[in-house]
Amino acid sequence: LLRDDLSNQCYICHIRPIKNVSGWLGFYQNYEPWNMNLYNLSQVTSLFLQSHIYIVENPSVFRRLVYEIKNKKMDVGLICSNGQINLCTYMLLNQLVESGCHLYYAGDFDPEGLMIADRLKQRYQEDLTLWCYHLHYFQENAIEQKSMTLKRLQILENIQDNSLKPIAQYIIQNSCFVYQEGLVKYYLENLKS
């Protein structure tokens, strides 16, 4: 069987290794988003430039943040996991942390989104900040979902991070959620180099 290192991918913007790798520099300098895959990542033999790296779950939110950092020439990197964190994204995050970068993660305020955030926080601990995970942001933008299943709500019982527990409890009590698109204004206010 052939090794598939192309279909495992994530979107990135303004991230590059210290030693130039073909293609990375142009995307980096022009703040161009691109779909990096495991093959691209395997070509990196050096550490990455130290930076703040903001990770989001949703491609439309990622695109809005790309626009913001490009217009303001902000020295931050962006990653879009496009939902669940895959191998390519984990490998990139590992290399970024090893390079001394600090990670900021934001996702949906729903059971699955909170579990992704919790897993990332448990894995990267002090190298990752849960970005804009505040109960008041959630309460201001909550959407009621009467059909949220018991199975989905039970996912929240496994949340370990103390900062996520109040949000998980609010979801359980009120059967509501917030998609990331509803939080863009907070991301823009809290995005900094």
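**Figure 1. D110 and its salt bridge to R152.** D110 is buried, at a relative accessible area of 7%. The model shown here and in the other views is predicted. The side chain of D110 meets that of R152 in a salt bridge, with an N to O distance of 3.7 Å. This pair links distant parts of the chain, 42 residues apart: D110 is in the loop between β5 (102–106) and α5 (111–124), and R152 is in helix α7 (residues 150–155).

**Figure 2. The salt-bridge network of R64, E68 and K72.** The total for the model is five salt bridges. R64 and E68 are joined by a salt bridge whose closest N and O atoms are 3.5 Å apart. These two residues are separated by about one helical turn because they stand four residues apart in helix α3 (residues 59–72). K72 also forms a salt bridge with E68, here with the closest N and O atoms 2.7 Å apart. K72 and E68 are likewise both in helix α3 and four residues apart, about one turn of the helix.

**Figure 3. The stacked aromatic pair F109 and F138.** The model contains 12 aromatic pairs. In the pair of F109 and F138, the ring centres are 5.4 Å apart and the planes make an angle of 15°, which is classed as stacked. F109 is in the loop between β5 and α5, and F138 is in helix α6 (residues 135–141), so the pair ties together parts that are 29 residues apart in sequence. F109 is buried at 1% relative accessibility, and F138 is buried with a relative accessible area of 0%. Elsewhere in the model, W24, F27, W34 and F48 make up one aromatic cluster.

**Figure 4. Helix α5 and the elements that cover it.** Helix α5 consists of 14 residues, and the distance from its first C-alpha to its last is 20 Å, close to the 20 Å expected at 1.5 Å a residue. The helix is largely enclosed by the rest of the structure, because 10 of its 14 residues are buried. The buried residues of α5 are P111, G113, L114, M115, I116, A117, D118, L120, K121 and Y124. Their cover includes the helices α4 (87–98), α7 and α8 (165–174), together with β5 and β6 (128–130). Just after the helix, Q125 has a positive phi of about 45°.

**Figure 5. W131 in the largest nonpolar core.** The largest nonpolar core has 69 residues, of which I79, L96 and W131 touch the most other members. When residues up to four places away in sequence are not counted, W131 touches Y54, V56, L65, Y104, Y105, A106, Y187, N190 and L191.

**Figure 6. Polar contacts of the S46 side chain.** S46 is in the loop between α2 (38–42) and β3 (52–56). At 16% relative accessibility, S46 counts as buried. A polar atom of the S46 side chain lies 3.0 Å from the backbone nitrogen of K19, and the side chain of S46 also reaches the backbone nitrogen of I18, at 3.4 Å. With neighbours within four places in sequence left aside, S46 is in contact with P17, I18 and K19.

**Figure 7. The surroundings of C80.** C80 is in strand β4 (residues 76–80) and is buried, with a relative accessible area of 0%. Apart from neighbours within four places in sequence, the residues in contact with C80 are C10, Y11, V56, E57, N58, P59 and F62. From C80 to H102 the C-alpha to C-alpha distance is 16 Å, and the two residues are 22 residues apart in sequence.

Definitions and conventions
Residues numbered from 1 in each chain as written. Predicted model: local features only at pLDDT ≥ 70, side-chain atom pairs only at ≥ 80, totals over all residues. Heavy atoms only, no water. Salt bridge = Lys/Arg side-chain N within 4 Å of Asp/Glu carboxyl O. Buried < 20%, exposed > 50% of the residue type's maximum accessible area, 1.4 Å probe, protein only. Core = buried A, V, L, I, M, F, W, Y, C linked by side-chain atoms within 4.5 Å. Contact = heavy atoms within 4.5 Å. Expected span 1.5 Å × (residues − 1). Polar contact = N/O pair within 3.5 Å; in protein donor to acceptor, adjacent residues only side chain to side chain. Phe/Tyr/Trp six-rings, centres within 6.5 Å; stacked < 30°, edge-to-face > 60°.
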